[in-house]
Amino acid sequence: MNIKILADSASDLSKNHYNEYDIDMVPLTVHLDEKDYKDVTEIEPKTVYDGMREGKGTKTSQVSPQTFKAIFTSYAEANQPLVYLAFSSELSGTYQTAKMMEQEVKETYPDASIDVIDTKCASIGYGLVVLRAAELARNGATKDEIIETATYHANHMEHIFTVDDLEYLYRGGRVSRTAAFVGTLLKIKPILHVEDGKLVPLEKIRGSKKLLNRMLEIMEERGTDFKNQTIGISHGDDLESAQKLADMIKEKFGAQNIMIEMVGAVIGAHSGPGTLALFFLNNDYK
């Protein structure tokens, strides 16, 4: 029996990806203008970005314990092996909740083959890890092989991103009010990355023109094996910038496989419209 892969909606994969690779998905919740929506199934990212531009408040919440317990119980009862690759534990409590429910379900079903893995990744960086695991599962790989390779990809996945407006990161507690005000005033573009699952400011660039070139320089400094991997780009309702970045990467590195997706509603609710993120491996593709 092939291993089943479960992801959550913070992977920012499209419905086509879930269908093509037979991946199960559990949605986080987006709160927009005092209403709750299940990510992917009940709300589109574009709706969230339009709402944010209109000044509507956004929040998000993790997957509930009851949801995980129901999912894990159904797999245990069916004797279906499951690997859940989770959104970074440093950005959401979803992983911890899943671990608790895994242990609880295994008290009733001690032989259940359920594994919960913290990818320490987000957005398409996380999504690329999930796709590699699903590819292996589809080809009949063992659970150990899937977990080992997915963990390798997660550990070597670089996340380099910028936001259009620091105000949204301020609201989410990611930068100070002063930094947000000064950054907006001076048209400073922050470059951030993910370090051990956490969002960490890397440097500041003044002006949009220098930004894409600097992102490519960081990619060259940190990355390798670009022709053999899929490079991910996600954007906060700014396809034009994402496509421009993709073209620059193809020209500079000869990369063939570049996946562009919109930053999903959950992550977009914190990063805001105009976000641009780049994901690649800093070690050889495995």
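Two parts are in contact here when heavy atoms of one lie within 4.5 Å of heavy atoms of the other. The model is predicted.

**Exercise 1.** Determine which residues bring helix H3 and helix H4 together, and state how the two axes are oriented.

Solution. 
Step 1. Helix H3 covers residues 65–77 and helix H4 covers residues 94–108. On the side of H3, the contact is made by Pro65, Phe68, Lys69, Phe72, Thr73 and Ala76. On the side of H4, Thr94, Thr97, Ala98, Met101, Glu102, Glu104 and Val105 take part.
Step 2. Sorted by class, the residues of this contact are 7 nonpolar, 3 polar and 3 charged.
Step 3. The axes of H3 and H4 are 9 Å apart and form an angle of about 45°. H3 is therefore oblique to H4.
Step 4. The crossing of H3 and H4 is right-handed.

**Exercise 2.** Describe the order of the strands in the open sheet of 4 strands, and find which strands stand at its edges.

Solution. 
Step 1. The order is S2-S1-S6-S7, and the pairing is parallel. In general, the strands of a sheet pair through backbone hydrogen bonds.
Step 2. Strand S2 (24–26) and strand S7 (114–118) each have a single partner strand, so each is left without a neighbour on one side and stands at an edge.
Step 3. On average, and with direction ignored, neighbouring strands of this sheet are turned by 25° against each other.
Step 4. Within the sheet, strand S1 (residues 4–8) runs parallel to strand S6 (residues 82–86), and 3 bridges join them. Lys4 stands opposite Leu82 in S6.
Step 5. Two helices can now be placed on these strands. H4 lies across S1, S6 and S7 and runs at about 160° to S7. Helix H6 (residues 143–155) also lies across S1, S6 and S7, but runs at about 10° to S7.

**Exercise 3.** Decide whether helices H5 and H6 are roughly parallel or roughly antiparallel, and list the residues of their contact.

Solution. 
Step 1. The axes of helix H5 (residues 123–138) and H6 come within 9 Å and cross at roughly 160°.
Step 2. Angles over 145 degrees count as roughly antiparallel. H5 and H6 are therefore roughly antiparallel to each other.
Step 3. The crossing of H5 and H6 is right-handed. H5 contributes Val129, Arg132, Ala133, Leu136 and Ala137 to the contact, while H6 contributes Glu145, Ile146, Thr149, Ala150, His153 and Ala154.
Step 4. By class, the contact of H5 with H6 has 7 nonpolar, 2 polar and 2 charged residues.

**Exercise 4.** Explain why the ring pair of Phe87 and Tyr126 is classed as it is, and locate both residues in the chain.

Solution. 
Step 1. The model has 5 aromatic pairs, among them Phe87 and Tyr126.
Step 2. The centres of these two rings are 6.5 Å apart and their planes stand at 15°, so the pair is stacked.
Step 3. Phe87 is in the loop between S6 and H4, and Tyr126 is in helix H5. The two residues are 39 residues apart, and the pair links distant parts of the chain.

Note on methods
Residues numbered from 1 in each chain as written. Predicted model: local features only at pLDDT ≥ 70, side-chain atom pairs only at ≥ 80, totals over all residues. Heavy atoms only, no water. Axes fitted to C-alpha atoms, helices over the stretch in contact; angles between N-to-C directions. Parallel < 35°, antiparallel > 145°, perpendicular 65-115°, else oblique. Left-handed = near helix turned anticlockwise from the far one by under 90°. Nonpolar A, V, L, I, M, F, W, Y, C, P; charged D, E, K, R; others polar. Pairing = 2+ DSSP bridges. Phe/Tyr/Trp six-rings, centres within 6.5 Å; stacked < 30°, edge-to-face > 60°.
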